[in-house]
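Let's take a walk through a protein chain together, step by step. Have a look at the model first, and then read on.

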Amino acid sequence: MTETITASAARRTALAAQGFADARPSGPPGRRHLAKVLSRVQLLQLDSVNVAVRAHYMPVFSRLGAYDPALVDDAAWSHSTRKPRLMVEYWAHEASLIPMADWPLLQWRMRRYEHRYINHLRRLTKDSPGLIDDVLATVKELGPVGAGTLEAALGGSTPRAKGGWWNRSDVKHACEWLFAVGELTTGTRKGFQRLYDLPERVIPAEIRNAAPVDDDEAARRLTLRAAVAHGIGTEKDLRDYYRLEPKRSQQAVAELVEAGLLEAVTVQGWRHQAYRHVDARTPRKVSGRALLCPFDPLIWERDRTERIFDFRYRIEIYVPEPQRIYGYYVFPFLLDGELVGRVDLKSDRAAGVLRVQGAFAEPGVDTARVTAELAAELRTMADWLQLDDVRMGERGDLAGALATAL
């Protein structure tokens, strides 16, 4: 018989696994604090939207409070003997920063992409013979280098397909294919532009040359990392973290249970079997506050968010404005282990203002306390983003009280 736990205990387990049961550092967060966050969340998702703050910076702020973003930049895109590079970019959940040591665990995906996009490669090589070799040779000569510079170096007139914004030059297509199959990686970024480089100039030799990891073993290790990040979750939750195939994920979970690394448990109110990491802890209570960006690993799987927090959350970027319920780029607000509200945020960098375009409370919350804590966290976020003020718009049932508090 499996152990039965309450939904509240499962929620506290999930929060502790993600680092929300710990107090923020009393002093300026450093590299050690970042490494601890990464050991819990396992990866930071990248996203191009910059309406408030880039997605990969925000989860660190949510857990540590105000920190120097250069801490993430240095760990992701620079290397020195004193400060070795901690992370590398690849497709994990989506485009992500992953620990450098996890690079070999995703080589199965590189092989899959090589097979999946073989027809795309054939078209590229048919339309632009020698392009792949030319791109690699030019990156070797110029890297780290952007696709635009590569295109200019290779002649500046590669064919462009007609159509929507997703149609890019063949040079860019070649770079993305080479990135997907692991023959290029991100050397650094300039702004948010990816500058490509050869893996041998980014990934340490001992990692690059490590013994190959077979697909089943990689799935087990990635599933175990997902379980560390979740604390507790269904097989589908664990599978989604690294976007594994269902059959391979199910096999990995079964084998990890047999090995004693996962425990099958029943969570009251959950329809599906849950699995808890053997080292997961369940604190008696979770205190503190945090704003969560749409790509925070605590909430990026929306069905899980609704199941754990009774909080329905959808990103509305692609919803026409008149049809949006809460706003364009909405941050849920976590307070003492519950999602108690949400705010639609925009960084108006020209005016030096963090704009709260809408503020909404969840049913049944103590709105006075939520308002006070939310106002304080918005001030902390504005200071971190080096914005001078926080200004409240008119939308939402918290708008008036929050405007007063601010």
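Touching, or being in contact, means having heavy atoms within 4.5 Å. You will find Thr305 in helix H14, residues 302-309. Helices (H or I, at least four residues) and strands (E, at least two) are DSSP runs, numbered from the N terminus. With a relative accessibility of 1%, Thr305 counts as buried. Buried means under 20% relative accessible area, exposed means over 50%, and partly exposed is in between, using a 1.4 Å probe and protein chains only.

Before going further, a word on what you are looking at. This is a predicted model, in which local features need pLDDT of at least 70 and side-chain atom pairs count only at pLDDT 80 or more, while totals for chains, interfaces and linings use all residues. Residues are numbered from 1 along each chain as its sequence is written, and side-chain values use heavy atoms, with hydrogens and water left out.

Now step back to see the whole chain. It holds 16 helices and 14 strands. The radius of gyration, taken over C-alpha atoms, is 22 Å, close to the 22 Å that the globule rule gives for 406 residues, so the chain is as compact as a globular protein of that length. That rule is 2.2 Å times the number of residues to the power 0.38. Along the principal axes, the C-alpha atoms fill a box of roughly 65 × 60 × 45 Å. Of the 406 residues, 53% count as buried. Among contacts between residues at least 6 apart in sequence, 64% join residues at least 24 apart.

Thr371 and Ala401 are 30 residues apart in sequence, and their C-alpha atoms are 6.8 Å apart in space. Setting aside neighbours within four places in sequence, Thr371 is in contact with Leu398, Ala401, Leu402 and Ala405.

Next, how do helices H7 and H9 pack? Helix H7 (residues 131-142) and helix H9 (residues 170-180) meet at an angle of about 75 degrees, with their axes 10 Å apart. That makes H7 roughly perpendicular to H9, a label used for angles of 65 to 115 degrees. The axes are lines fitted to C-alpha atoms, for helices over the stretch in contact, and angles run from 0 to 180 degrees between N-to-C directions. On the H7 side, the contact is made by Leu131, Ile132, Val135 and Leu136, and on the H9 side by Asp170, Val171, Ala174, Cys175, Trp177 and Leu178.

Finally, let's visit some loops and their backbones. Most residues other than glycine have a negative phi, and most peptide bonds are trans. The peptide bond from Gly143 to Pro144, however, is cis, with omega near 0 degrees. Pro144 lies in the loop between H7 and helix H8 (147-153). Asp336, in the loop between strand S11 (330-335) and strand S12 (338-348), has a positive phi, near 50 degrees. Asp336 is partly exposed, with a relative accessible area of 30%. Gln386 also has a positive phi, about 60 degrees, although it is not a glycine. Look for Gln386 in the loop between H15 and strand S14 (389-395), where this residue is exposed, with a relative accessible area of 72%.

How values were computed:
Parallel < 35°, antiparallel > 145°, perpendicular 65-115°, else oblique.
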